[in-house]
Amino acid sequence: MIPPFPQVELSHALPDDITLEDVDTLRAIYREHLEAFLDAVLNLEFNTIESLWREFWRAQDNNNLDECEEEKYLSKLKLFSLCQYEPVQNFIRQIDFQFYQNMVDVLIPDVLRPIPSTLTQSIRNFAKNLENWLTSAMLGCPEEIIQIKLQAVAAFSQTLRRYTSLNHLAQAARAVLHN
């Protein structure tokens with residue numbers, strides 16, 4: 001379900017404050033982040049998505065990572081600096097669109113197959129909250145990356161709403177035809 005993770009295409013020279021190791025670290029923690037997102041969706045724990053985003057984008061401003069975590073994670077400053085680097089932006093855009101399409105396939109594998117109404121309602125509520133959760137979690141992030149992330153999440157949210165509506169319509173049509 002996690003798309004193949006390409007390398008970040010380093011078509012531009014690295015900014016002075018960014019190393020190749022930083023780019024690799026971002027790639028690794030972004031993959032972990034998406035794996036946690038997938039896990040939450042598979043377990044239908046939609047409300048944990050907001051906290052996953054807040055944690056990743058450092059919304060709690062927990063910039064005082066201890067020494068052992070510093071090697072695995074990036075400081076908020078370094079993360080934001082990386083997000084202003086065009087190849088990283090392109091990487092995130094590419095991964096997000098593919099990942100969210102995979103999430104649609106996980107949640108609604110067959111749009112014509114009946115889905116319990118409680119699940120449909122949960123998916124619709126999830127879709128309705130996504131953009132607000134992301135906007136709130138990314139407060140203070142570089143504007144370019146916010147726009148990239150919001151574009152992908154808006155498409156994801158809209159697709160979920162369309163698929164659940166289509167599913168509802170298919171179930172209604174099925175009931176009429178059986179009658």
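How far apart are the axes of helix α2 (residues 48-56) and helix α6 (residues 117-137), and at what angle do they cross? The legends below start there.

This is a predicted model, in which local features need pLDDT of at least 70 and side-chain atom pairs count only at pLDDT 80 or more, while totals for chains, interfaces and linings use all residues. Residues are numbered from 1 along each chain as its sequence is written, and side-chain values use heavy atoms, with hydrogens and water left out.

**View A. Helix α2 against helix α6.** The two axes come within 9 Å and cross at roughly 20° (axes are lines fitted to C-alpha atoms, for helices over the stretch in contact, and angles run from 0 to 180 degrees between N-to-C directions). That makes α2 roughly parallel to α6 (angles under 35 degrees count as roughly parallel). On the α2 side you'll find Ile49, Glu50, Trp53 and Arg54, which meet Phe126, Leu130, Trp133, Leu134, Ser136 and Ala137 of α6 (contact means heavy atoms within 4.5 Å). Sorted by class, this contact has seven nonpolar, one polar and two charged residues (Ala, Val, Leu, Ile, Met, Phe, Trp, Tyr, Cys and Pro count as nonpolar, Asp, Glu, Lys and Arg as charged, and the others, Gly among them, as polar). Helices here are DSSP runs (H or I, at least four residues), numbered from the N terminus.

**View B. Helix α1 alongside helix α5.** Here α1 (residues 20-42) and α5 (residues 86-107) pack at about 15°, with axes 11 Å apart, so they are roughly parallel to each other. Among the α1 residues that meet α5 are Tyr30, Leu34 and Phe37, and the α5 side includes Phe91, Ile95 and Phe99. By class, the contact has 16 nonpolar, no polar and two charged residues.

**View C. Asparagine 167 in helix α7.** Asparagine 167 sits in α7 (residues 143-178) and is buried, at 1% relative accessible area (buried means under 20%, exposed over 50%, partly exposed in between, with a 1.4 Å probe and protein chains only). Its side chain makes a 2.5 Å polar contact with that of glutamine 171 (a pair of N or O atoms within 3.5 Å; within protein, one must be able to donate a hydrogen and the other to accept it, and residues adjacent in sequence count only if both atoms are side-chain atoms). Neighbours within four places in sequence aside, asparagine 167 touches Asp110, Val111, Leu112, Arg113, Pro114, Ile115 and Thr120.

**View D. Glutamine 7, ahead of α1.** Glutamine 7 is partly exposed, at 48% relative accessible area. Leaving out neighbours within four places in sequence, glutamine 7 is in contact with Asp24, Arg27 and Phe91.

How values were computed: Helices (H or I, at least four residues) and strands (E, at least two) are DSSP runs, numbered from the N terminus. Angles under 35 degrees count as roughly parallel, over 145 as roughly antiparallel, 65 to 115 as roughly perpendicular and the rest as oblique.
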